[in-house]
Amino acid sequence: VYYDITKQAYYGSHCPYAALGHDERGTSVVIGFGMVVSKEHAHPILCQALPGGQNDSVSVAPTLELLQAQGLKHLTMVMDRGMTAKANVERARAAEYHVVGCVRGWNETTVSYAAQWPGDELEQQAHIVATSHEHAVYARAFTAPLMGFENIRIAVVESLVQKAQERQARDLLLQELEGPVNKQRCKELCAELGRVISPCKGRRGFRVDPAALERERSLDGRFLLFSTDLSLDGRQMYETYFAKDTIEKVFRTSKGDLSLGPVRYRRQDRLDAYATIIYLAYLLWSWAERR
């Protein structure tokens, strides 16, 4: 199943769910709606109203409780990287649910994981995965400690298109930095190349760090996915995670074709009822599409 939150503009004077937040218009007063949909046919499983200013990660624990209350067992949940903090993954495992997500940020451990295979070992036919844009990536999985878990499934994913773009962009910046450049532009270039620049004595006050540059080149076009289900391979992890576009389409349909909004209700019980209307409307829509 896929879980995500959308924000809907609120038009009114007061509401317990309304708060300053972000929607497609920018910063405004919004109400959140959290939805869980199935991978197959995008049938809605859950829809609830949420405080508009609440961090999305906070909503995971009560969502897990609602799913358990429905008697749903052995789910695999896919969420945005902002929701897959260690505490939320632990809560999902306590509910006997699995989680597939994207690893957030780089540290010494994740860099070593992502760079463990050189290009010729990763870029092989056995690891290729077709994407929806007539391109392909390479995904290779292994089991290792991560996020405090002794064993977790990790996939190193590499996009050759993104790899070429990142490498060319950085090389062009380095070439510009080596030539005659004014102080303002030099400062801008150093900021963009921050991870491969180190301070040193001399007229310029910095140098390109060869070790840092080699590390960056080894990470070009790469990112990490994780799964608590140790049976998944790299292809399955990639296809499962990136099918999360399903729920974005659900939100677009709800706001577009179903015209659910703007929201003007003030009372909490009416907003909870409105969330039920959203659920029922998309349930009928998804069944019609399935037929």
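How many salt bridges does the structure hold? The answer is 15, and a few of them get their own close-up below. Keep in mind that this is a predicted model.

View 1. Picture the C-alpha atoms of the protein chain in a box of roughly 65 × 45 × 35 Å, taken along the principal axes. The chain runs to 291 residues, and 44% of them count as buried. Take the contacts with a separation of 6 or more: 60% of these come from residues 24 or more positions apart.

View 2. Are the two partners buried or exposed? Both lysine 163 and glutamate 158 are buried. They also belong to a network of salt bridges, in which Glu123 and Arg222 are linked with Glu158 and Lys163. A handy bit of background: side chains of opposite charge can pair when their charged atoms come close.

**View 3. Aspartate 171 and arginine 217 join through their side chains in this close-up.** Their salt bridge spans 3.8 Å, N to O. The pair links distant parts of the chain, with aspartate 171 in helix 5 (residues 160–178) and arginine 217 in helix 7 (residues 210–219). That puts the partners 46 residues apart. Aspartate 171 is partly exposed, at a relative accessible area of 34%. Arginine 217 is partly exposed too, at 29%.

**View 4. Glutamate 216 and arginine 195 form another salt bridge, at 3.2 Å from N to O.** Glutamate 216 sits in helix 7, while arginine 195 is in the loop between helix 6 (183–192) and strand 10 (197–199), so this pair ties together parts that are 21 residues apart in sequence. Which of the two would you look for at the surface? Arginine 195 is exposed, with a relative accessible area of 52%. Glutamate 216, on the other hand, counts as buried, at 9% relative accessibility.

**View 5. Zoom in on glutamate 96 for a backbone angle with a positive value.** Most residues other than glycine have a negative phi. Glutamate 96 is not a glycine, yet its phi is near 65°. Where is it? Look in the loop between helix 2 (86–94) and strand 6 (98–102). Glutamate 96 is exposed there, with a relative accessible area of 52%.

**View 6. Methionine 147 has a positive phi as well.** The angle is near 55°, again in a residue other than glycine. Which two strands does its loop lie between? Methionine 147 is found between strand 8 (136–146) and strand 9 (149–158). This residue is partly exposed, with a relative accessible area of 25%.

How values were computed: Residues numbered from 1 in each chain as written. Predicted model: local features only at pLDDT ≥ 70, side-chain atom pairs only at ≥ 80, totals over all residues. Heavy atoms only, no water. Buried < 20%, exposed > 50% of the residue type's maximum accessible area, 1.4 Å probe, protein only. Contact = heavy atoms within 4.5 Å. Helix = DSSP H or I, 4+ residues; strand = E, 2+ residues; numbered from the N terminus. Salt bridge = Lys/Arg side-chain N within 4 Å of Asp/Glu carboxyl O.
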